Amino acid sequence: MGEGRDARRSGTESGDLAVSPFRADRDRIVASPFFARLGGVTQVVSASGSGLLHNRLTHSLKVAQVARAIAERINADPQLAPLVDDLGGCDLDVVEAAALAHDLGHPPFGHLGEQELDRLARHRFALPDGFEGNAQSLRIVTTTDTGGPGAVGLDLTAAVRAAMLKYPWSRRSHPEPHPRDMPDPPRGASEPPGEPGTGSSKFSVYVTELDDLVQAREPFAGRVAGWQQTVEASVMDTADDIAYAIHDLEDFHRIGVLQHAPVAAELGRWLGSALELAELTDAELAAYSRRPGYSLEQLRRRLHRRDSWIVDDDAFVAAVSRVRTELVDTLLATPFDGSVEAEQTVGRFSSGWTVRLVTDIGVAPDPPTRSGHVQLAPAQWHEVQVLKFVHRRFVLLRPDLALHQRGQAQLLGSLVHALEQWLTDRYEANRLPRRLQDLVALAEHEYGVLAETDMSTLVGAVGEPPQGSAGVRELARGRAVIDFVASLTDSQAAALLDALSGRSAQPWSDAFVL
């Protein structure tokens with residue numbers, strides 16, 4: 001580790017218990033109210049107090065556990081040590097801190113909330129960056145949290161901030177040339193389908209925090225490309241993928257959503273008719289995608305189009321067979337009933353898959369653009385794709401979940417509208433929530449500086465920069481409302497809308513929000 005990676009503007013003299021600056025970073029993240037709120041933020045669907053479903057807090061803890069295990073294995077391999085050191089190193093505390101912080105910016109209601117706030121940010125407020133959970137996480141630790149010694153951000157080390165950057169580019173402009181323009185763009189760098197000119201679909205920094213990204217990445221210049229993750233970020237990203245693939249399936253088995261019969265039919269039909277399905281046209285597959293086996297064949301073809309660097313048909317067949325054996329024939333064979341035996345079956349499934357996926361992870365010196373330096377072994381990579389397919393096909397695409405999520409989107413839209421009205425009511429200016437007032441002042445300062453230095457960064461969905469100080473203030477109000485709503489839990493968002501709509505029987509009293 002070079003001195004540049006260890007440097008922080010303040011250290012243990014600022015009240016940290018830990019001697020290591022990276023350990024101090026971890027402690028500051030865990031002590032943050034933004035971390036605590038993740039216990040009330042949806043992973044996929046609201047847990048409603050059942051204790052059976054992961055929330056963003058339990059997910060983050062498990063990602064940190066897996067990430068540290070991956071880093072330990074990498075560091076224990078003497079053949080990988082010189083390569084990892086050349087790429088910038090892989091510190092256990094850096095990896096764990098980044099994993100704990102990676103979801104800090106996720107808004108109420110999970111990915112549905114992220115999509116809705118992005119739509120509102122771009123189309124209602126003309127914000128140049130819209131909203132993105134990863135970029136919001138960086139904004140929290142560098143700007144809106146007040147747990148650091150300077151009361152602006154958490155004052156994390158460059159290494160930890162760099163390790164949080166799963167998508168180390170902005171939506172539109174940084175770095176140059178932008179990775180979305182590469183012949184084979186990195187994951188997340190392409191524009192959303194059907195939305196040309198909107199910038200990358202995934203990114204880890206807003207224009208207001210670009211200087212933080214540049215400073216965090218400086219120690220890695222010449223070690224990794226400007227669009228590449230650091231090794232520590234790649235570890236965090238891989239751990240997130242593993243946790244997502246395993247634990248969401250576990251959740252929906254527990255509550256009876258993930259059923260044996262449809263999953264068995266899909267995997268079994270494809271295994272028994274792979275050659276026949278391979279002869280169908282894409283149009284035929286799309287027309288009958290609800291038939292067993294058809295969706296899985298569509299997945300196989302997508303992988304060939306997107307990930308030709310690793311996809312292999314024999315490995316795909318083996319992955320489907322393993323998932324059928326260990327998920328369908330073992331975990332889903334008996335409905336979850338809360339018994340000791342059922343809990344043990346879930347535990348064996350979760351731990352067994354985690355160990356298998358972590359054990360054979362490697363580090364590539366020059367990975368393809370759609371992969372980080374840290375890579376799953378080919379067999380395990382295919383297995384993760386199949387596990388994620390099962391989750392998407394039999395959980396995320398369910399109409400009853402869509403019904404639930406459309407209601408949550410309506411809730412967020414109504415809440416943003418109500419807060420915007422309150423914010424622009426001159427008769428109520430003195431009674432705004434103090435936190436919202438502070439966020440407006442912060443954003444107005446940030447956008448004012450950008451308007452003086454590089455107005456082009458403030459061009460939003462309307463295609464024009466803000467007009468004078470009034471335009472800057474409008475942008476600031478929009479960012480403040482988005483920041484404010486994104487900092488709520490699911491229940492806080494619902495209760496605050498009730499209060500603003502006159503449906504609450506008592507005054508709003510949550511000190512963290514107001």
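Predicted model: local features only at pLDDT ≥ 70, side-chain atom pairs only at ≥ 80, totals over all residues.
**Entry 1: helix 10**

I looked up which residues of helix 10 (residues 210–217) are buried, and found L210, D212, L213, A216 and R217. They span an arc of only 160° around the axis, so they lie on the same side of helix 10.

The bond between E176 and P177 is cis, with omega about -5°. For context, most peptide bonds are trans.

**Entry 2: Q229**

Next I moved to the loop between helix 10 and helix 11, where Q229 is found. Is Q229 buried or exposed? Its relative accessible area is 10%, and the cut-off for buried is under 20%, so Q229 counts as buried. I listed the contacts of Q229, leaving aside neighbours within four places in sequence: L165, K166, P168, R217, V224, S234, D237, G372 and H373. R217 in that list is one of the buried residues of helix 10. I also took a distance from Q229 to D155: the two are 74 residues apart in sequence and 21 Å apart in space, C-alpha to C-alpha.

**Entry 3: helix 6 against helix 11**

I looked up how helix 6 (residues 92–101) packs on helix 11 (residues 231–254). The angle is about 50° and the axes are 9 Å apart. Helix 6 and helix 11 are therefore oblique to each other. The crossing of helix 6 past helix 11 is right-handed. On the helix 6 side the contact is made by V94, V95, A98 and A99, and on the helix 11 side by E232, V235 and M236. By class, the residues of this contact of helix 6 with helix 11 are 6 nonpolar, no polar and 1 charged.

**Entry 4: helix 11 against helix 17**

I stayed on helix 11 and turned to helix 17 (residues 378–396). Helix 11 and helix 17 pack at about 40°, with axes 9 Å apart. Helix 11 is therefore oblique to helix 17. Helix 11 passes helix 17 in a left-handed crossing; for helix 6 past helix 11 I had noted a right-handed one. Which residues meet here? From helix 11 they are D241, Y244, A245, D248, L249 and F252, and from helix 17 they are V384, L387, K388, V390, H391, V395 and L396. The contact of helix 11 with helix 17 has 9 nonpolar, 1 polar and 3 charged residues.

**Entry 5: positive phi**

Most residues other than glycine have a negative phi. F109 has phi near 70° and is not a glycine. F109 is in the loop between helix 6 and helix 7 (110–123), and is buried at a relative accessible area of 6%. A126 lies in the loop between helix 7 and helix 8. With a relative accessible area of 16%, A126 is buried.

**Entry 6: D483**

I looked up D483, which is in helix 20 (residues 468–486). How does D483 class by accessibility, buried or exposed? D483 has a relative accessible area of 4% and is buried. Not counting residues up to four places away in sequence, D483 touches Q136, R139, T144 and L439.

**Entry 7: M455**

Last, I took M455, in the loop between helix 19 (434–453) and helix 20. At 31% relative accessibility, M455 counts as partly exposed. M455 is 11 residues from P466 in sequence, and the C-alpha to C-alpha distance between them is 8.3 Å.

Methods: Residues numbered from 1 in each chain as written. Heavy atoms only, no water. Axes fitted to C-alpha atoms, helices over the stretch in contact; angles between N-to-C directions. Helix = DSSP H or I, 4+ residues; strand = E, 2+ residues; numbered from the N terminus. Parallel < 35°, antiparallel > 145°, perpendicular 65-115°, else oblique. Left-handed = near helix turned anticlockwise from the far one by under 90°. Contact = heavy atoms within 4.5 Å. Nonpolar A, V, L, I, M, F, W, Y, C, P; charged D, E, K, R; others polar. Buried < 20%, exposed > 50% of the residue type's maximum accessible area, 1.4 Å probe, protein only. Arc of directions from axis to C-beta.
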